[in-house]
Amino acid sequence: TPARRRFTAVSSVQSAPATTSAPGPATSSILSIRESLLSGERTAADITSEYLSRLRRTEPSLRSFIHVADAAAEREAEELDRRIASGEKDAVGPLAGVLVGVKDNLCTANMPSTGGSRILDGYRPAYDATAVRRLREAGAIVVGKTNLDEFGMGSTTEGSAFQVWGPILIPFLLGHLLLKHCRSGWLRLKY
């Protein structure tokens, strides 16, 4: 068994406080989620349900996910809650209960992995990529696969085979006026 690593949050940038933690200059959404789970304040199932509900509401306009693994995320959250309830708090990793979306060019066991291309439509690897395996080992819950240009060849997701009606939108910019370059010049877009 490999030695357990200790992780410490280090940040020189002040971020906006998460809804799950008290406001303050050194708050971290990741740390506050883990602490709320270990203290019994919240459950992983509740956090997962909350985030999946928000994802269902926003995803039609954001178009950032190719695949959302609702049932798998809920099962992983319930398993995490069982481990915490049975006193296995030492076995809970530093990312316990944190939901992550994995770019679709990384293999994920029992989830579609298409690289944003119809050529790989239906491909479900039997293994996790090393990065995904490490996220899971650290306690993260993989909620789904995020959109990308076909095989990662681009930067706007306008070349994705699955979300072909335009680029993904940036959640914190919704409602803002942005400029986007196109062949005929600059377009003013209201998100």
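These legends describe close-up views of a predicted model. Local features need pLDDT of at least 70 and side-chain atom pairs count only at pLDDT 80 or more, while totals for chains, interfaces and linings use all residues. Residues are numbered from 1 along each chain as its sequence is written, and side-chain values use heavy atoms, with hydrogens and water left out.

**View 1. Helices α1 and α2 pack against each other.** Helix α1 spans residues 29-39, and helix α2 spans residues 44-62. Helices are DSSP runs (H or I, at least four residues) and strands are runs of E (at least two), numbered from the N terminus. The angle between α1 and α2 is about 140°, and their axes lie 10 Å apart. Axes are lines fitted to C-alpha atoms, for helices over the stretch in contact; angles run from 0 to 180 degrees between N-to-C directions. That makes α1 oblique to α2. Under 35 degrees counts as roughly parallel, over 145 as roughly antiparallel, 65 to 115 as roughly perpendicular, and the rest as oblique. On α1, the contact (heavy atoms within 4.5 Å) is made by I33, S36 and L37. On α2, A44, I47 and Y51 take part.

**View 2. Helix α2 has a kink and buried residues.** The kink of about 35° lies at R56, shortly before the proline P60. The bend at a residue is the angle between axes fitted to the seven residues ending there and the seven starting there. Which residues of α2 are buried? They are A44, I47, T48, L52, L55, E59 and L62. Buried means under 20% relative accessible area, exposed over 50%, and partly exposed in between (1.4 Å probe, protein chains only). Their cover includes α1, β1 (65-68), α3 (70-85), β2 (99-103) and β3 (141-146). After α2 comes R63, with a positive phi near 60°.

**View 3. E50 and R42 form a salt bridge.** A salt bridge is a side-chain nitrogen of Lys or Arg within 4 Å of a carboxyl oxygen of Asp or Glu. Here the N to O distance is 2.4 Å. E50 is partly exposed, at 36% relative accessible area. R42 counts as buried, at 17%.

**View 4. R56 and D70 form a salt bridge.** The N to O distance is 2.9 Å. The pair links distant parts of the chain. R56 sits in helix α2 and D70 in helix α3, 14 residues apart. R56 is partly exposed, at 48%. D70 is partly exposed, at 23%.
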